[in-house]
Amino acid sequence: ALDGALRERGSRLILRAGDPEAVLRQVVEETGADHLFMNRLFEPDAFARDADIAHALKDESVTCRGFNGSLLSKPGDIRTGQGGPYKVFTPFLKALLAQMEPRPHTTGPRSVSSPSVKSESLSDWGLHPTKPDWSKGFDWTPGEAGAGDALSAFIKRGLKTYSKGRDHPAQPGASRLSPHLHWGEIAPWRVVERVRASDPPQAQIDKFVSELAWRDFSAQLLHAFPQITDTAFRPEYDQMPWRDDARGLKAWKTGQTGYPIVDAGLRQLWTTGWMHN
């Protein structure tokens, strides 16, 4: 989808596989680029990797600029009165809403020059699943246009009754924007902007924005407490007695536990690529 959007503007997506820094050095050398722009990832390992790349390329006179394209606020920007990270969602939400500013509207370029460098083939990467092909039933459309359509459908269909509909798995009451947000196909502040400009009751809009803010809260926690990728946020939960049950794990993965709501959720995820909250 991204390649298609670039081709409409006279360019194309360049695909390269390998070590990120080595690949970028190669492309910089081939194109003669003196600037590198990136949307930052804030998970600990990815954040450190991108920072290392930026420092390495800076030594070769390449200016690197990173942007927050995935969250309502950059992790670390929303802090308590004592200067520390928030550990409870409600006060975090209040501070986020108070500090969140509208983003400027800029028009994307109508034409983009295509660099005369080689690109690998997406099909050669063999990313599509085959044994089994669990993508057959996916019912969301990747890409920026698909994200916009999904948001429009949600505003029309689910936003007016969101606070109740979101808690009923059998109803189409959720936004289903999670894959689009994750892959950067739509920015969360654009989502907020559009829902606030719609006509559903203000309480429903506020509830949806607060749910969207949970993504930010989780990212802020991960940024402030990177150890939670390996240990529990509350130490006492590290003592949880886990059961080693391969058969039970397989039953859970395939939605065959015998617990209807659990099985329904896992089967929905397996079939559509999305699961109700």
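Tutor: What follows goes through the core, the pocket and cavity, and then some backbone details of this predicted model.

Student: Which residues touch the most other members in the largest nonpolar core?

Tutor: Phe92, Leu151, Leu159, Leu177, Val191, Val195 and Phe208 do, in a core of 32 residues. Helix 4 (89-99), helix 5 (144-157), helix 8 (188-196) and helix 9 (202-224) are the elements that each give two or more residues to this core. Helix 9 has the largest share, with seven residues.

Student: Take Leu159. What does Leu159 touch, not counting residues up to four places away in sequence?

Tutor: Leu159 touches Phe154, Val195, Ser198, Pro200, Gln204, Ile205 and Phe208. Another core, of six residues, lies apart from the largest one, and includes Leu36, Met38, Ile53 and Leu57.

Student: Now pockets. What volume does the second largest pocket have?

Tutor: The second largest pocket has a volume of about 470 Å³. Its lining has 18 residues, and those nearest the centre are Tyr162, Ser175, Ser178, Glu211 and Asn277.

Student: Which element gives the most to the lining of the second largest pocket?

Tutor: Helix 9 does, with five residues. Helix 7 (178-182) also supplies at least two residues of that lining.

Student: And how many nonpolar, polar and charged residues are in that lining?

Tutor: Nine are nonpolar, five polar and four charged.

Student: Glu211 was on your list. Which side chain does the side chain of Glu211 join in a polar contact?

Tutor: That of Arg166, at 3.0 Å. Arg166 sits in the loop between helix 6 (162-165) and helix 7.

Student: Is Arg166 buried or exposed?

Tutor: Arg166 counts as buried, because its relative accessibility is 10% and the cut-off for buried is under 20%. Leaving aside neighbours within four places in sequence, Arg166 is in contact with Gly173, Lys207, Glu211, His276 and Asn277.

Student: Which residues line the largest cavity?

Tutor: Pro75, Gly76, Ile78, Arg79, Pro85, Tyr86, Gln220, His223 and Ala224 line the largest cavity. By class, five are nonpolar, three are polar and one is charged.

Student: Changing topic to the backbone. Is the peptide bond from Lys131 to Pro132 cis or trans?

Tutor: The bond from Lys131 to Pro132 is cis, with omega near -5°. Pro132 is in the loop between helix 4 and helix 5. Most peptide bonds are trans, and most residues other than glycine have a negative phi.

Student: On that point, what is phi of Ser61?

Tutor: Phi of Ser61 is near 65°, which is positive, and Ser61 is not a glycine. Ser61 lies in the loop between helix 3 (44-58) and strand 2 (63-67).

Student: Is Ser61 buried or exposed?

Tutor: Ser61 is exposed, because its relative accessible area is 61% and the cut-off for exposed is over 50%.

Student: And what is phi of Arg176?

Tutor: Phi of Arg176 is near 60°, again a positive value in a residue other than glycine. Arg176 lies in the loop between helix 6 and helix 7.

Notes. Residues numbered from 1 in each chain as written. Predicted model: local features only at pLDDT ≥ 70, side-chain atom pairs only at ≥ 80, totals over all residues. Heavy atoms only, no water. Core = buried A, V, L, I, M, F, W, Y, C linked by side-chain atoms within 4.5 Å. Buried < 20%, exposed > 50% of the residue type's maximum accessible area, 1.4 Å probe, protein only. Helix = DSSP H or I, 4+ residues; strand = E, 2+ residues; numbered from the N terminus. Contact = heavy atoms within 4.5 Å. 1 Å grid on protein atoms, 1.4 Å probe; cavity = no way out; pocket = protein on both sides within 12 Å on 5 of 7 lines; lining within 4 Å. Points joined across faces, edges and corners; volume = space filled by probe spheres on them. Nonpolar A, V, L, I, M, F, W, Y, C, P; charged D, E, K, R; others polar. Polar contact = N/O pair within 3.5 Å; in protein donor to acceptor, adjacent residues only side chain to side chain.
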